[in-house]
Amino acid sequence: MASGNRPVRRTNNKNAALKKRKIRLKRFIVVLLVFFSLVFLAGAFTTYKVVSAYLADVPEFDPAVLVPAETSYVYDRNGEEVTALLGEINRITVKYEDIPEIIINAFIAIEDDRFFEHSGFDLRGIARAAYRQVTRQKTFGSEGGSTITQQLVKLAFLTPEKTIKRKVQELYLAWKMERIYTKEEILEFYLNRVPYDYNASGIEAAAQTFFGKSVSEVTLGEAAILAGVPNLPARYSPFRNREESVKRRNIILNRMFELGMISAGELEEAKNEELVLASLPVRAYPYPHFIDHIIHDELHRILRTIPQYRELSSKDIYDVIYNGGLKIYTTLDRRLQQVAEDTINNDKLYPKTITEEGKPLQPQAAVLVAEPKTGYIRAMVGGRRYNSDNVLNRATKGKTQAGSVLKPLVAYGPAFNEGIAVPGTVLDDSPTVWHFKGSPSWYPNNYDRTFTGLVTARVALARSLNIPAARLLDQLGLNKGLEYLEKMGITTVIYPAPGREKHDSLSIVLGGLTDGLKVFDAAQAYAVLANQGVRTDLVTVVKVEDRNGRVIFEHRPRSTVVLSKEAAWMTTSVLQDAVRIGTVRGLQIGRPVAAKTGTSDHNQNAWLAAYTPDVVGVFWIGRDSYKKDEDGGLRAWIVTPGFMNPIMKAAHEGLPVRDFARPDTISPPVAICNKSGKRPGPHCPPEHIVNEFFPRDQVPLDMCDIHVEIAVCTVSGKLPTEYCPPGSIQNKVFLNRPPYLTTDENWVGEIGRVPADAKLMPPTEYCDVHSAQPSPPTGLTAEYRAEGYLLLRWHPGDELTAGYLVYRKAPDDDSYRLLTEETLSVPSYRDSDFGSGGTYSYRVYNVTAGGVRSAPATLTLELNFGLPEQPPGPVSGGRGR
């Protein structure tokens, strides 16, 4: 490089490169903007298409639809109308200008606090609800996504299903409604159709139902109650749940204060306001317990199985039930239901009535009658004197201790089914104790505190003996018995913890269910026995149609085999004996019937379950509550037949008389010994021989071996000794039963009790009456006297001798014959009863006062009668020893 040349500068090149980069960035931004614009347009186009599709079949906005919804109706088993679930009497229309401001503010506060600001839907509220949904936070009223306008649209035009399509239609119709009606008009529509409890619809009907006053007269606290109930009537109704209703009221009052609708003083006053309710008005429908069960239990369950209603809230389900125009076909037998209600309400049948103001009469009662084969419930009464203070359905909701009504279900039926026992199986009704590790021992008693001894399962169940039932459940296994209870329909079963299976849970056989027993469950379980071991679920609703006549539900019976036909029939056969000879002799309905009573501890609850091949009925009577260990005075075999006789007779009117069909696999009656369960042996007394049914493969073949014949001394009743007189020894039949316990201080009741058949056992001790033997007679001689008799004489006996016996063996005799009918008191005897001559032998015994004989003194001699006359004097040839 020449010394005068300078380096070349690149500034112009750098500027050119920078300029190119800026151009490329601008192009990229333009492309990006175009891309996002296209995506936005595509999304908008797609959204438009989707929304257009959703709105293609949006219901027409018909103002006429805003009138009250279509009424639902209930029909009986014959398809005849029973009642409307929502009639004109349940809705009273009120003008907007007549609605108090506190009512409007209360609803706006809890349901839609921006009602007067939005145009039908509230984007802010939707976003807030979505956020809370994602974060799983609880929402209250206006914090949900639906405005009052949307709720009205949903009630009036749309189904309550939860889908995006329905939501889009809801938003559109809400926007459209806001274009047509003023806010005041929308509120009027809404407040006149909002659903309440007890058939009230709209705020005016609700105010009159709950408070007995017009809506224009309600207080601030009552206004908050009215605003809170529609969200969930079954939960927030002050009639059904006073505490929850007040909690809901206070939430609304707090919200009104936050929004500046009321002052702090008004808030405090309203919260302290006493909730005063009106008496529940007469139901708009008859047979309230039956209809209540349909509305609040069975229809809820049914609608949850139908896809279009599956995701609905309870509030929306109630809206469908009351306002959906449903036709509900039921199993109700109105004639029988009326008989059942009249019977339960008959004060003369109750042993004593306790009245307390504001509370239900006591005792209460409940009954359920159903068809075992179909499961159709024909009648149901859940209490005595249904009113605002007494709405509980004790047939479905009540749970009380069952007493012995569980014995066939948890012990006998399962044991018969498992082949462990049959009606002829012998069980021991004797004092028994169960010891439990870590828990007190169990010393059960029978109801009358006596013990029968060995009895057949038939007699044990027919007479409701406790000890044999507990023994049988122990043999079956507690968990196995509980499994059968569940399969038969008992829903309150609680299994013991592992390792505690033999804890005092065995007392369940005496009715000791921890959570108690429901009448509904008992009827379900006994229907299994009546239906030859098959369980068919009990129902009240058989078909439901929507407002257009489309069938949306039709009952399909669900049947499950729980017991074999043989086990069911054997259990039934035994329970028929409970009516003939056992604890249910008071139940007489003019046809074959099987039944079981139950009386709980302290006579607090009495049960009767009865069934025929056509009908099953379960009845309960008791108080809603008792003081600890208070005696209720209810004995099932006394109090229950008076109720069940008229109900069961009415249930069978027009039905042919039928007996329970014995399966071909059950043998004809077989004679057995009722103390051994085996075929009668030669020593079984007639009173211990009975006829019994058996499965053909279980007919006993062995012969009774516990009736034994043993020689005893009839004087002492004990085993004979060598000193017992031959005439005092007889063979007698005894019962050689197993060993048994004797009650002590651990048992409730008298100490020293034993099974009744213990007296039939053979003696184990030897005779203590004939315990010493006198010396034999001495000096025995014979002398023939001229008067024609033979005089026997001997020396008096020792100090043990109280008399003498004389025997003779004549030539024609095979053995010695007693000559003295009574014991001689003197040591001599005249014998004049001779035949022909020959060898005569005499034996003389010394005898004690107790009849013990000495060894004999014997004299043998020759008499020559028929030859030259026998001369008087000592007889020749006489040999005495």
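In the predicted model, Arg384 lies over the face of Tyr350, at 3.7 Å from the ring centre; a charge is taken to sit over a ring if NZ of Lys or CZ of Arg is within 6 Å of the ring centre and within 35 degrees of the ring normal. The charged end of Arg853 sits over the ring of Tyr845, 5.4 Å from its centre. Residues are numbered from 1 along each chain as its sequence is written, and side-chain values use heavy atoms, with hydrogens and water left out. As the model is predicted, local features need pLDDT of at least 70 and side-chain atom pairs count only at pLDDT 80 or more, whereas totals for chains, interfaces and linings use all residues.

Across the whole structure, 21 aromatic pairs are found (rings of Phe, Tyr and Trp, the last by its six-membered ring, with centres within 6.5 Å; planes under 30 degrees apart count as stacked, over 60 as edge-to-face and the rest as tilted). The rings of Tyr447 and Trp637 are edge-to-face, with centres 5.0 Å apart and planes at 85°. Tyr447 belongs to the loop between strand 8 (439–442) and strand 9 (453–456) and Trp637 to helix 21 (residues 636–639), so the pair ties together parts 190 residues apart in sequence; helices (H or I, at least four residues) and strands (E, at least two) are DSSP runs numbered from the N terminus. Tyr447 is partly exposed at 45% relative accessible area, as is Trp637 at 35% (buried means under 20%, exposed over 50%, partly exposed in between; 1.4 Å probe, protein chains only). Tyr807 and Tyr845 are also edge-to-face, with centres 5.6 Å apart and planes at 80°. Both Tyr807 and Tyr845 are buried. A single aromatic cluster is formed by Tyr196, Tyr198, Phe210, Phe211 and Phe239.

The count of salt bridges comes to 42, a salt bridge being a side-chain nitrogen of Lys or Arg within 4 Å of a carboxyl oxygen of Asp or Glu. Arg737 and Asp428 form one, their closest N and O atoms being 2.6 Å apart. This pair links distant parts of the chain, 309 residues apart, with Asp428 in strand 6 (residues 426–429) and Arg737 in the loop between strand 20 (729–735) and strand 21 (781–784). Arg737 is buried, at 3% relative accessible area, and Asp428 is buried at 12%. Arg255 and Glu258 are joined by a salt bridge of 3.0 Å, N to O, and both lie in helix 10 (residues 242–258), three residues apart. Arg255 is partly exposed at 22%, whereas Glu258 is exposed at 57%.
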